[in-house]
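I opened my notebook to look up a core, a sheet, a pocket and a few single residues. Here is the structure I worked from.

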Amino acid sequence: MALTTPILNSVPTWSVVNGQTFTFNVIGGDAVVGNKLTIINNATATVVYTLTTTTFQYRAIVPANASGLANGNYYSAYVQTIDSSNNLSSPSNSISFHCYATPSWGLNIAQGAIIGNSSLTPIATYSSTGEALSDYTFTLYNSGQT
């Protein structure tokens, strides 16, 4: 037998400050004892990060603040599996993703505050270096949680 080509699962937009777990699947083939994740900057087409992991689990964990990665960039990634003889599989499918700083938001009402008036002018703030906020919902409750 031989290693089969892995299937890399998509990842959401994430912040390099938090790190990210990449998961993949393998169908058939030799036993997988490790993997090699490769991340490419889509703007420059250069490899900016590689991670070789020795594990039977189908995942690669990019740590927080991994060298070569920065928020505000668009990347692609692929994974290769490794067998007990240190052979590499063919590269998986390529996935693309953005890295953005975690957005911040605020509301001028403290959590758990009781509003004693019949009206209130709420002020919400949102800040992001990534995509603009396109949708939001405020749900209001009375003191009976209705």
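My entries follow in the order I looked things up.

**Ground rules.** I am working with a predicted model, where local features need pLDDT of at least 70, side-chain atom pairs count only at pLDDT 80 or more, and totals for chains, interfaces and linings use all residues. Residues are numbered from 1 along each chain as its sequence is written, and side-chain values use heavy atoms, with hydrogens and water left out.

**Core.** I looked up the largest nonpolar core, which has 23 residues. A nonpolar core is a set of buried Ala, Val, Leu, Ile, Met, Phe, Trp, Tyr and Cys residues joined through side-chain atoms within 4.5 Å. Buried means under 20% relative accessible area, exposed over 50%, and partly exposed in between (1.4 Å probe, protein chains only). Among the members that touch the most others I noted Trp-14, Phe-22 and Leu-37. Strands supplying at least two core residues each include β3 (34–41) and β6 (73–82). Strands are DSSP runs (E, at least two residues), numbered from the N terminus.

I then checked Leu-37. Beyond four places in sequence, its contacts (heavy atoms within 4.5 Å) include Phe-22, Ala-60 and Val-79.

**Sheet.** I found an open sheet of three strands, ordered β1-β2-β5, with antiparallel pairing. β1 (7–8) and β5 are at the edges with a single partner strand each, so one side of each has no neighbour in the sheet. Two strands pair if DSSP finds at least two bridges between them. β2 and β5 are joined by four bridges. Phe-22 stands opposite Ala-60 in β5.

**Thr-81.** Is Thr-81 buried or exposed? Its relative accessibility is 0%, so Thr-81 counts as buried. Thr-81 lies in strand β6. Not counting residues up to four places away in sequence, Thr-81 touches Leu-3, Phe-24 and Asn-87, among others.

**Pocket.** I looked up the largest pocket and read a volume of about 1000 Å³. Its lining has 25 residues, and Leu-107, Ile-109, Thr-139, Leu-140 and Tyr-141 lie nearest its centre. A pocket is an open set of points on a 1 Å grid over the protein atoms alone, where a 1.4 Å probe fits, with protein on both sides within 12 Å along at least five of seven lines; lining residues have an atom within 4 Å of a point. β9 (124–127) gives the most to this lining, with three residues. By class, the lining has 16 nonpolar, nine polar and no charged residues.

**Phe-138.** Phe-138 lies in the segment after β9. Phe-138 is partly exposed, at 47% relative accessible area. Leaving aside neighbours within four places, Phe-138 contacts Leu-107 and Ala-124.

Terms used. Grid points are joined across faces, edges and corners, and a volume is the space filled by probe spheres set on the points. Ala, Val, Leu, Ile, Met, Phe, Trp, Tyr, Cys and Pro count as nonpolar, Asp, Glu, Lys and Arg as charged, and the others, Gly among them, as polar.
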